[in-house]
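Dear colleague,

I am passing on the structure below, together with notes on what came out of going through it. Please read the notes with the structure open beside them.

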Amino acid sequence: MSRLQTRFAELKEQNRAALVTFVTAGDPDYDASLAILKGLPEAGADVIELGMPFTDPMADGPSIQLANIRALAGKQNLAKTLQMVREFRAGNQATPLVLMGYFNPIHYYGVDRFISDAKEAGVDGLIVVDLPPEHNEDLCHPAQAAGIDFIRLTTPTTDDNRLPTVLEGSSGFVYYVSVAGVTGAGSATLEHVQEAVTRLRRHTQLPVCIGFGIRTAEHAANVARLADGVVVGSALVDQIAKAESPEQAVNGVLSLCKTLAEGVRGARA
């Protein structure tokens with residue numbers, strides 16, 4: 001089984017949801033970003049999403065847009081992001097790591113080269129926001145053929161007619177974007193989350209993870225009672241934005257991660 005399959009199977013046996021954390025590679029700088037990445041599993045992250053910096057992150061709100069700007073200003077690129085994964089894997093072979101971002105940097109890097117290098121580095125999955133299922137041949141199918149999961153986003157506007165097309169070929173888990181809008185732009189009601197999870201489970205047996213707008217341990221715990229995973233990104237990235245030093249950024253992210261993990265792990269107790 002893949003690392004993602006193994007992790008979600010373990011958590012199902014423990015009767016708890018996954019804490020899925022997102023940070024942008026190279027934010028606030030390479031060394032601090034690597035320290036955050038290496039520290040997240042011990043701080044309670046079950047799955048890590050690592051953002052690939054891009055100049056035009058159209059699905060992201062101000063927090064992650066600024067994270068991309070900070071990372072790019074520090075000369076972070078896709079080659080450095082893959083090197084970061086290699087350094088992470090040198091000390092951690094268990095935690096699933098998913099690269100999240102947009103197709104343009106991958107296309108520029110070269111799809112075949114990217115898939116080969118990502119697999120070698122230890123990447124488990126990809127979330128590519130702007131690549132719909134109609135373009136599966138461009139990345140999804142080659143990635144899966146190499147053993148890298150391709151994780152789809154579904155949204156409140158993905159109706160029952162469209163959903164099978166979106167989910168076709170999905171693997172790893174399903175990422176449900178709980179609000180219509182950009183990252184960090186608000187949060188959905190628990191009633192909406194419950195309805196969404198119920199609907200998605202009629203269409204797929206993959207774990208369902210809920211993201212966009214989850215910022216506190218209480219909110220994370222509430223969602224963890226309903227879904228297979230809770231995704232937190234903007235709240236962690238905001239810890240970097242307000243930090244006065246790289247060290248403070250590392251401590252801020254890992255401290256919040258621990259608090260969120262406590263909420264998620266105690267949700268079904």
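Leaving aside its neighbours within four places in sequence, which residues is Ala217 in contact with? They are Thr259, Leu260 and Gly263, where contact means heavy atoms within 4.5 Å. The C-alpha atoms of Ala217 and Ala261 are separated by 7.4 Å, although these residues are 44 apart along the chain.

Before going further, please keep in mind that this is a predicted model, in which local features need pLDDT of at least 70 and side-chain atom pairs count only at pLDDT 80 or more, while totals for chains, interfaces and linings use all residues. Residues are numbered from 1 along each chain as its sequence is written, and side-chain values use heavy atoms, with hydrogens and water left out.

Ala217 belongs to helix α10, which covers residues 217-224 and has His219, Ala220, Ala221, Val223 and Ala224 as its buried residues; buried means under 20% relative accessible area, with a 1.4 Å probe and protein chains only. The cover over these buried residues includes helices α9 (190-201) and α12 (246-265) as well as strands β8 (208-211) and β9 (229-232).

Strands β8 and β9 run parallel and are joined by two bridges, and Cys209 has Gly229 in β9 as its bridge partner. Both strands belong to an open sheet of nine strands with parallel pairing, in the order β5-β4-β3-β2-β1-β9-β8-β7-β6; two strands are taken to pair if DSSP finds at least two bridges between them. At the edges of this sheet are β5 (149-150) and β6 (153-154), each of which pairs on one side only.

Turning to the chain as a whole, its secondary structure comes to twelve helices and nine strands, where helices are DSSP runs of H or I with at least four residues and strands are runs of E with at least two. The radius of gyration, taken over C-alpha atoms, is 17 Å, close to the 18 Å that the globule rule gives for 269 residues, so the chain is as compact as a globular protein of that length; the rule is 2.2 Å times the number of residues to the power 0.38. Of the 269 residues, 56% count as buried. Among contacts between residues at least 6 apart in sequence, 72% join residues at least 24 apart.

Definitions and conventions: Buried < 20%, exposed > 50% of the residue type's maximum accessible area, 1.4 Å probe, protein only.
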